[in-house]
Amino acid sequence: MKKTLKIKIYIVILFVFPLKSCNDLLQEDPPSNISLANFYESEEDALVGLYGAYNNLYGLVSMEPNYGEMIADDMTISPIVPDAFEWDEFTFNSEVTDGLWSLCYSAINRTNEVIHCTEDIDFEAGRKADLIAEARALRAIYYFHLARAMGGVPLYDSPTVGFDNIYESKSTEDAIFNFIIQDLQIAANELEPSSPPGRINSDIANSLLARIYLYRGDFQNTLSHAEIVINSDRYRLLDDYADLFKPENDNSSEHIYQIQYLSGENNNPLPGRYGPRAPSGPYGNSFWAGTTIPGSYAPSADFIAQNPESYRRSVTIADHYEHIDGVSGTITMQEVYGGSFPYYINKFDDREGELQSGVNYTVIRYADVLLMAAEAMNETEPNNPRKYEWINKVRERARNGIESDLPDLNALTQDQFRTAVLEERRFELAFENQRAWDLKRRNMFLDKMRDQGKNVEDHMMLFPIPDRQTQLNSNLEQNPGW
């Protein structure tokens, strides 16, 4: 069988009938012509399976803003979206979470296949261990997306076989996070600190461990893993904040992990969504690009009012733009919208790419690691001056030489520093899909939502398990309150 045909058949198997493992675990009665047992025959086959697991990351990119920003206080729906809706976790049907659930468990099953089937392939032991470690790290990423959204979920550490072993009950949230951490620790210990773009390495694993420990409130381990990355001297902040979001600077010294895109072949959907939607009339083909971009998001009034003056603010949001033709001058938001849409999200501007943006999606970058380290140091060693060194590096870059903007922090109480670092994360990582999770881990989420007039209840810290899953699996209990 030719390799291309073999890969196509493998993809069909993944989507139609996920199987469990290899050799004796995949014996069929009666046997068919192809199964995962005879697909996984070489190192190349294992890599194909691994790339299949990586592929699901692209689906997560499209979902991230809804879970990480839209339900928080910094982003809202563009005021000129036709039939505008309010996406939040207080009014939606649990069908919304079905896509996240299906995408993550599909990927988890793929990683389980790679982990178990690769063990039986005969190739160099070091490369085999690396490939399995990568699959473990990917599995951890998908479980992290599920657990922080829905808490306890079913735990699968081996591939499913047909309809067997698919009706598991929920494991506890603690058990899921312990499993995630174990997988990432294996990856951090096994993998090299560098890798081809888009592939996971030990620095990525350590950065993700810092993020996960921070989310869990384990500040000592947050600091430990963040310092591994900082002390490696392999990363630095780019001099210009705006450069972070330009396609020509993808995979820079600040980008620890990015999901790779290629314009015209694999387009990043988010820059188009962040760009303002052009209204009908004289501005229809001039507002943002040569086509009418279907922008969906806008900065909230609170974000606009509370974001302090700085160069970073001018990059993040804007109230004017240059005409796409380059000669017609500046057009203001006031001119176009008459006050109903005063600012748009500017930091992901890829006007040249229009609806075919090839800019990479950043999962984690060095500024985030510096701020995690500063926050963790404040909790574990509040008198250690390094916390100021780390947060002030980020502020220095943000003010871009204007000393009156965002001056260095010093002599703060521990509680004042807690507030300062959370605010620094808010504006440094604005619209990078961390805000809701930061509020949740700090137990501030419900109060912030209530301050916005939302009638929320305590159980809404977690999303519901998809109704379809609870109907299919009688062992699966819905999250309380839903």
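Are phenylalanine 144 and tyrosine 215 buried or exposed? Both are buried. The legends below describe close-up views of a predicted model.

View A. The structure holds 19 aromatic pairs.

**View B. Phenylalanine 245 and phenylalanine 348 form an edge-to-face pair between two loops.** Centre to centre, the rings lie 5.6 Å apart, with 80 degrees between the planes. Phenylalanine 245 sits in the loop between α9 (219-231) and β2 (255-259). Phenylalanine 348 sits in the loop between β7 (344-345) and β8 (361-365). Parts that are 103 residues apart in sequence are thus tied together by this pair. Both phenylalanine 245 and phenylalanine 348 are buried.

**View C. Ring pairs build an aromatic cluster.** The linked residues are Trp101, Tyr105, Tyr143, Tyr156 and Phe179.

**View D. Lysine charges sit over phenylalanine rings.** The charged end of lysine 387 lies over the ring of phenylalanine 417, 4.6 Å from the ring centre. Lysine 440 places its charged end over the ring of phenylalanine 445, 4.9 Å from the centre.

**View E. Helix α14 packs against helix α16.** α14 spans residues 366-380 and α16 spans residues 414-428. Their axes are 10 Å apart, at an angle of about 165 degrees. Angles over 145 degrees count as roughly antiparallel, so α14 is roughly antiparallel to α16. The crossing is left-handed. On the α14 side, the contact is made by Ala367, Asp368, Leu371, Met372, Ala374, Glu375, Asn378 and Glu379. On the α16 side, it involves Gln414, Phe417, Arg418, Val421, Glu424, Arg425 and Glu428.

**View F. Alanine 374 is a buried residue of helix α14.** The helix assignment places alanine 374 in α14. Its relative accessible area is 0%. Buried means under 20%, so alanine 374 counts as buried. Leaving aside neighbours within four places in sequence, alanine 374 is in contact with Lys387, Trp390, Ile391, Phe417 and Val421. Among these, Phe417 and Val421 also take part in the α16 side of the helix contact. Proline 385 is 11 residues from alanine 374 in sequence. In space, the two are 9.5 Å apart, C-alpha to C-alpha.

Notes. Residues are numbered from 1 along each chain as its sequence is written. This is a predicted model: local features need pLDDT of at least 70, side-chain atom pairs count only at pLDDT 80 or more; totals for chains, interfaces and linings use all residues. Side-chain values use heavy atoms; hydrogens and water are left out. Rings of Phe, Tyr and Trp (its six-membered ring) pair if their centres lie within 6.5 Å; planes under 30 degrees apart count as stacked, over 60 as edge-to-face and the rest as tilted. Buried means under 20% relative accessible area, exposed over 50%, partly exposed in between (1.4 Å probe, protein chains only). Helices (H or I, at least four residues) and strands (E, at least two) are DSSP runs, numbered from the N terminus. A charge sits over a ring if NZ of Lys or CZ of Arg is within 6 Å of the ring centre and within 35 degrees of the ring normal. Axes are lines fitted to C-alpha atoms, for helices over the stretch in contact, and angles run from 0 to 180 degrees between N-to-C directions. Angles under 35 degrees count as roughly parallel, over 145 as roughly antiparallel, 65 to 115 as roughly perpendicular and the rest as oblique. A crossing is left-handed if the near helix is turned anticlockwise from the far one by less than a right angle, and right-handed if clockwise. Contact means heavy atoms within 4.5 Å.
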